[in-house]
Amino acid sequence: MPKRPPFQTALLPAATAALAAALAGCDRAPAASGGDAAPGGTVVVAAAAEPGNILPVLPNTTQGQSIYAQLFDRLAEIGPALNTVGDQGFRPRLARSWAWAPDSLSVRFALDAAARWHDGRPVTAADVAFSFRLATDPRAASPVAPLLANVDSVTAPDSATAVVWFARRSPQQFFDAVYHLYVLPEHRLRDVAPDRLAASPFAREPVGSGRFRFARWERGQRLELEAVPDHWRGRAKLDRLVWAFAPDFGTATIRLLAGDADFVENLRPETLGQMTRSRSLRLVPYPSLDYGFLQFNLRAADASGAAHPLFADRELRRALTMAVDRERVVRNVFDSLAYTAVGPVPRAVFPDWERLRQLPYDVARARALLDSLGWRDADGDGTRERDGVPLAFGVLVPTSSQIRQRLAVLMQEQLRGVGARVTVEPLEIGVFVDRLNDRRFDAAMGGWHTDPSPAGIRETWGVIGTRTSGGSNYGSYESRAFETAVDSALDANSPERSRAHWLRAYQTILDDAPAVWLFEPRLVAGVHRRIQVAGLRADGWWAELDEWSIPLGARIGRDRVGGR
């Protein structure tokens with residue numbers, strides 16, 4: 001076979017046409033009809049990886065988030081508009097109502113008297129206060145803790161009233177209080193040491209308050225939830241939710257096409273043509289709050305805390321960024337199903353993204369900068385050296401993501417062109433996450449599913465995420481200018497001021513180049529036609545899973561498992 005040039009863009013006409021069809025309204029194809037609105041049926045989600053846990057206090061994968069969001073409740077749920085300023089649009093969940101203090105430094109939540117845990121015990125204000133203490137306990141090392149930094153405390157004046165106290169007033173303090181705090185049962189967890197939570201029996205068989213309850217978990221195979229028949233907010237419209245775990249997206253998609261699954265959250269370009277030809281499946285585009293990147297570790301890969309011999313140098317990071325043709329790489333891998341990333345923020349969160357100055361793709365300039373830094377190929381082996389140290393590093397990639405593996409290989413070739421020797425290191429997802437948490441890597445193919453609020457950037461790219469146990473700023477990027485701009489943006493009392501500060505913050509981190517910002521996906525889910533899907537929200541396709549339904553006359557064999 002003739003060898004294709006390494007960066008030739010392989011545009012797929014079928015994929016492009018299929019996406020166009022989806023965006024033009026393929027998602028409006030009616031689900032099978034016939035029958036009444038009686039609850040029942042099963043949705044099998046083909047997941048490309050198995051979560052390490054399903055505890056909201058220890059989130060580490062989107063698969064885990066999609067599951068625990070069905071088991072546990074927040075005090076209030078964000079509305080479809082994803083407003084994060086004030087409390088407009090938020091809907092009652094565990095709290096039936098709330099009232100602000102005159103000074104806006106506390107909110108009093110009145111809990112729904114009917115709220116129950118799946119074991120029958122009532123949900124109380126003590127559970128809310130306990131959940132906050134657990135999430136912010138340093139021993140738990142919860143990634144949620146930095147996101148609750150503005151919550152000073154949670155008190156329980158009586159069993160039906162929880163009061164959230166804030167350290168300071170801010171435009172999105174209500175969002176901070178409710179979005180990041182799922183309520184957990186104190187009576188089930190009070191005797192569990194915070195640093196042993198992931199190994200506790202509760203982590204294997206959790207008890208929540210949501211409209212679905214835990215049924216079973218066959219490790220490496222599947223996890224099943226079942227509807228709570230007499231749930232205090234009303235019964236879910238489905239009987240069962242099943243996550244069938246696959247080693248990668250390719251296998252997950254094959255299961256969907258074969259009829260063994262009903263839903264895949266994000267299809268790849270090469271599968272869209274098959275999807276459009278299937279009589280039982282349909283495409284559903286939906287908005288994204290995701291972005292992907294190649295992250296540099298600014299600290300030594302031995303986790304000593306010392307400066308990284310390569311990536312502590314800002315100018316070297318900038319040179320490597322300019323050596324990557326990001327648009328070409330993204331187009332090669334995604335076809336038309338992704339945009340080139342504009343930075344550590346999705347376009348939907350930052351409307352002024354076009355005002356950001358990107359580091360250009362400029363190989364000549366990258367080589368000249370490397371020369372000026374003293375990196376030269378003295379022995380002619382194709383790899384630059386400085387003081388006997390080669391310009392060589394490894395890139396961690398999760399084996400569960402073919403997309404990230406392909407991106408890494410393409411960048412490996414491009415960086416070789418400027419004298420950098422890159423080794424791609426594929427790792428099973430659990431090992432990959434462990435290496436990130438331990439900071440034992442040079443560089444890694446990362447991706448974030450962000451919150452509706454841009455404030456989450458403090459945990460993923462700020463000092464809090466570096467210096468807090470369990471923090472997610474794996475590359476240890478720190479910048480006083482960036483922190484100041486972010487704080488100013490979050491404290492601003494007008495949208496115009498906030499946007500100006502965000503522009504400064506994003507420009508600062510782009511100029512510092514702690515990562516090569518790569519892609520922002522255009523998400524297209526594959527769904528069985530019999531399923532009536534409630535809104536796929538940008539912050540999580542799973543947000544309205546308890547409202548999905550299957551008409552009685554359209555149900556197939558697996559829908560009747562469980563007795564309906």
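This note covers aromatic ring contacts and charges over rings in a predicted model.

1. Local features need pLDDT of at least 70 and side-chain atom pairs count only at pLDDT 80 or more, while totals for chains, interfaces and linings use all residues. Residues are numbered from 1 along each chain as its sequence is written, and side-chain values use heavy atoms, with hydrogens and water left out.

2. The structure holds 24 aromatic pairs (rings of Phe, Tyr and Trp, the last by its six-membered ring, with centres within 6.5 Å; planes under 30 degrees apart are stacked, over 60 edge-to-face, the rest tilted). Tyr-68 and Tyr-182 make an edge-to-face pair, at 5.3 Å centre to centre and 80° between the planes. Tyr-68 belongs to helix α2 (residues 62-71) and Tyr-182 to the loop between α4 (173-179) and α5 (186-189), so this pair ties together parts 114 residues apart in sequence (helices, H or I, at least four residues, and strands, E, at least two, are DSSP runs numbered from the N terminus). Both Tyr-68 and Tyr-182 are buried (under 20% relative accessible area, 1.4 Å probe, protein chains only; exposed is over 50%, partly exposed in between).

3. Phe-263 and Trp-541 form a tilted pair, 4.5 Å centre to centre with 35° between the planes. Phe-263 is in strand β11 (residues 263-264) and Trp-541 in the segment after β21 (523-528), 278 residues apart. Phe-263 and Trp-541 are buried.

4. A cluster linked by ring pairs contains Phe-90, Trp-98, Trp-100, Phe-109, Phe-166 and Phe-174.

5. The charged end of Arg-268 sits over the ring of Phe-249, 4.0 Å from its centre (NZ of Lys or CZ of Arg within 6 Å of the ring centre and within 35 degrees of the ring normal). Arg-347 lies over the face of Trp-353, 4.4 Å from the ring centre.
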